[in-house]
Amino acid sequence: MGSSLPELSFDVTSTVVVAGALANRDYSQLHHDVRYAQEDAGHSTIFMNTQLQAAFFERYLFDWSGPKGRLGRMRFKMKRPVYAGSQIVI
């Protein structure tokens, strides 16, 4: 019926959020401007963008599968923002 994968957790720092957004050219203020995210958009702080979340998930799968692993298709849903200062557990 499938394999259980080991758990991976990491801290989401402001640096990770900003660097990830810049790396994939997502210049939305939601990912680097705390005042904008809080006061104008109603969030608690800046948060990870979709591409960064996908990259961490892909990395997790490739770390698990090894060098011969192949990712044919990936789909996931973002149910809530991943804010700077939180921890992700995959």
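1. A helix here is a DSSP run of at least four residues, and helices are numbered from the N terminus. With that in mind, look at helix H3: Asp63 and Arg59 both lie in this helix, four residues apart, about one turn of the helix. Please remember as you read on that this is a predicted model.

2. Let's stay with that pair for a moment. Arg59 and Asp63 form a salt bridge, and their closest N and O atoms are 3.2 Å apart. Asp63 is exposed, at 54% relative accessible area, while Arg59 is partly exposed, at 42%.

3. How many salt bridges does the structure hold? There are three.

4. Glu39 and Arg35 sit four residues apart in helix H2 (residues 34–40), so about one helical turn separates them.

5. Is Glu39 buried or exposed? Glu39 is exposed, with a relative accessible area of 60%. Arg35 is partly exposed at 39%, and Asp40 is partly exposed at 49%.

6. Now for the inside. The largest nonpolar core has eleven residues, including Phe10, Val12, Leu52 and Phe56. Strand E1 (9–12) and helix H3 (50–65) are the elements that give two or more residues to this core.

7. Finally, have a look at Phe10. Leaving aside neighbours within four places in sequence, Phe10 is in contact with Phe56, Ser86, Gln87, Ile88 and Ile90.

Technical notes: Residues are numbered from 1 along each chain as its sequence is written. This is a predicted model: local features need pLDDT of at least 70, side-chain atom pairs count only at pLDDT 80 or more; totals for chains, interfaces and linings use all residues. Side-chain values use heavy atoms; hydrogens and water are left out. A nonpolar core is a set of buried Ala, Val, Leu, Ile, Met, Phe, Trp, Tyr and Cys residues joined through side-chain atoms within 4.5 Å. Buried means under 20% relative accessible area, exposed over 50%, partly exposed in between (1.4 Å probe, protein chains only). Contact means heavy atoms within 4.5 Å. A salt bridge is a side-chain nitrogen of Lys or Arg within 4 Å of a carboxyl oxygen of Asp or Glu.
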